[in-house]
Amino acid sequence: MRIAVIGAGIVGVTTAYELSADGHEVTVFERHGAVAEETSFANAGVVAPGYVTPWAAPGMPGKVLKHLFSRHAPVRVSLPLSAADLRWMWQWRQACRLDTYLANRERMQRLAFYSRERLHWLTDSLQLEYDRSPGYLVLLRTEKDQRMVQPSLQVLREAGVAFHEIDAEQARGVEPALNPDTPFLGAVHLPDDEVGNCRQFAILLKRAAADAGARFEFGTSVRPLDRASPTTLVVQATDAAPRQQAFDAVVVCGGVESAQLLRPLGLRLPLAPVHGYSISAPIHEPLNAPRSALMDERYKVAVTRLGGRVRVAGTAEIGGDPRRHRASALRTLYKVLQDWFPGAAQLSNTCAAVQEWKGARPMLPDGPPVLGASGIPGVWVNLGHGSSGWALSCGSARVVADLMAGHAPLLDIEGLGLERLLG
Ligand SMILES: Cc1cc2nc3c(=O)[nH]c(=O)nc-3n(C[C@H](O)[C@H](O)[C@H](O)COP(=O)(O)OP(=O)(O)OC[C@H]3O[C@@H](n4cnc5c(N)ncnc54)[C@H](O)[C@@H]3O)c2cc1C
């Protein structure tokens, strides 16, 4: 088949690779000049399937309200809020019911474990070399953090994930550079989880997709799909007139823009941008830097080692101006880095080297992404991966490629299709 993939974030690149490897004639359209320039650019890089759970969970609305006015809030609601944001928040609130949460958690974890297998398989079989480190440590500052983490530990037990509850001294054995002056109670250590550089992986997999025959048209925007002829795209390269190009099938992997692309087809997807931030800085002294990935459970901030850099990522911001960097959110990231790894990164006198970044998680209100047929002939979707798109991408892409080939995917795909949202 001649297939168009719209978007070259991690989801579009993995999809393009799988479809090309299956022998299809694939063209990828990306409005930026390279892969992974939007949300896949500087995420935390954590791959921890047992922690891939919906944000729509019992008790979450109360937690969000409690944090509204706190200084280092992990979740923020910013003005202005659009009507779509308000509608999304209402649907999110509905999805916090226990039965809905449990069903969606099981769906996300099913996909996350499969996806990690696929990630490892691709990494090994294609010999992809990107910055990655094994192990994940969830830091618990106080007894309260320890109490709060218990439901997640139960989830890990049920999912059969290997983890150890360890005290502060043992945690310092795992991450020797942890600041000796920051007291904490202990940690949860997950030796089988990992961190990897999503953007580097996307760049390498793009090359593998191109080797398998995929064509990448960068600097090329795709207009919203046309109801009369949804697989004929109107595309426009920079400084060129719009042109039409016909395909047998189209896969929408446009991250937060996907809802706009599909809207003319009558598909109204409740997809909201939930913004987050990261800072990345060169490592100043390797002995003071993390070895792998950590999560500060109180602030919900990840600190990760990506080769010669340390990255700190977190915050969930609903609404607000996407171009504006909120100073207080960045301050929280610097504070967490300073608390745990002071002296690890070159922060002063090297402003140009510190990268401050804001990204938009393409988030559906209930949690899991949607994969597969859209219900419109020839139009397929792979979107809505929210806060776990890196961890879910390789499995999602394989599922979509199998469905497009008419095979049953190796993964049970119950609840991962568009019908979940459209009723
Ligand atoms: C602070 C932060 C931390 C995160 N940490 C993690 C983590 O630790 N682990 C994890 O698994 N996930 C994490 N995520 C989530 C993850 O980054 C996203 O889920 C993932 O990047 C989404 O990938 P995507 O390909 O769907 O979207 P994107 O990367 O945004 O790609 C979509 C692409 O489509 C293109 N596009 C859109 N519309 C058009 C059009 N009309 N024409 C042409 N091109 C178009 C865009 O330019 C873009 O390149 C984090 C996110 C944030 C913000």
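Trainee: In the hairpin of β18 and β19, which residue takes a positive phi, and how many residues lie between the strands?

Mentor: Gly 375 takes a positive phi near 95°, in a hairpin that has five residues between β18 and β19. This is a predicted model, in which local features need pLDDT of at least 70 and side-chain atom pairs count only at pLDDT 80 or more, whereas totals for chains, interfaces and linings use all residues. Residues are numbered from 1 along each chain as its sequence is written, and side-chain values use heavy atoms, with hydrogens and water left out.

Trainee: How do you know that β18 and β19 count as paired strands?

Mentor: Pairing needs at least two DSSP bridges between strands, and four bridges join β18 (residues 370-373) to β19 (residues 379-383), so these strands pair, running antiparallel. Within that pairing, Leu 371 has Asn 382 of β19 as its bridge partner. Both names refer to DSSP runs, E for strands (at least two residues) and H or I for helices (at least four), numbered from the N terminus.

Trainee: Which elements build the shell around the ligand, and what is its make-up by class?

Mentor: Two or more residues each come from α1 (10-21), β9 (220-222), β13 (272-282), β17 (355-363) and α10 (389-405), with the largest share, four residues, coming from β17. Of the 37 residues around the ligand, Glu 30, Ser 40, Asn 43, Gly 386 and Ala 391 come nearest, a residue being counted if one of its heavy atoms lies within 4 Å. By class there are 14 nonpolar, 18 polar and five charged residues, and Gly is counted among the polar ones.

Trainee: Why is one space called a pocket and another a cavity?

Mentor: On a 1 Å grid over the protein atoms alone, a cavity holds a 1.4 Å probe that cannot get out, whereas a pocket is open, with protein on both sides within 12 Å along at least five of seven lines; lining residues have an atom within 4 Å of a point. The second largest pocket has a volume of about 800 Å³ and is lined by 32 residues, with Val 256, Gln 260, Leu 271, Ala 272 and Pro 273 nearest its centre. Helix α3 (83-94) gives the most to that lining, with five residues.

Trainee: How many cavities does the search find, and what lines the largest?

Mentor: Three cavities of 30 Å³ or more are found in the whole structure. The largest holds about 70 Å³ of space and is lined by Trp 55, Met 60, Val 64, Val 75, Trp 88, Trp 92, Val 274, Ala 316 and Ile 318, which are nine nonpolar residues, with no polar and no charged ones. The second largest cavity, about 40 Å³, has Trp 55, Gly 386 and Ser 387 among its lining residues, and by class its lining has four nonpolar, five polar and no charged residues.

Note on methods
Grid points are joined across faces, edges and corners, and a volume is the space filled by probe spheres set on the points.
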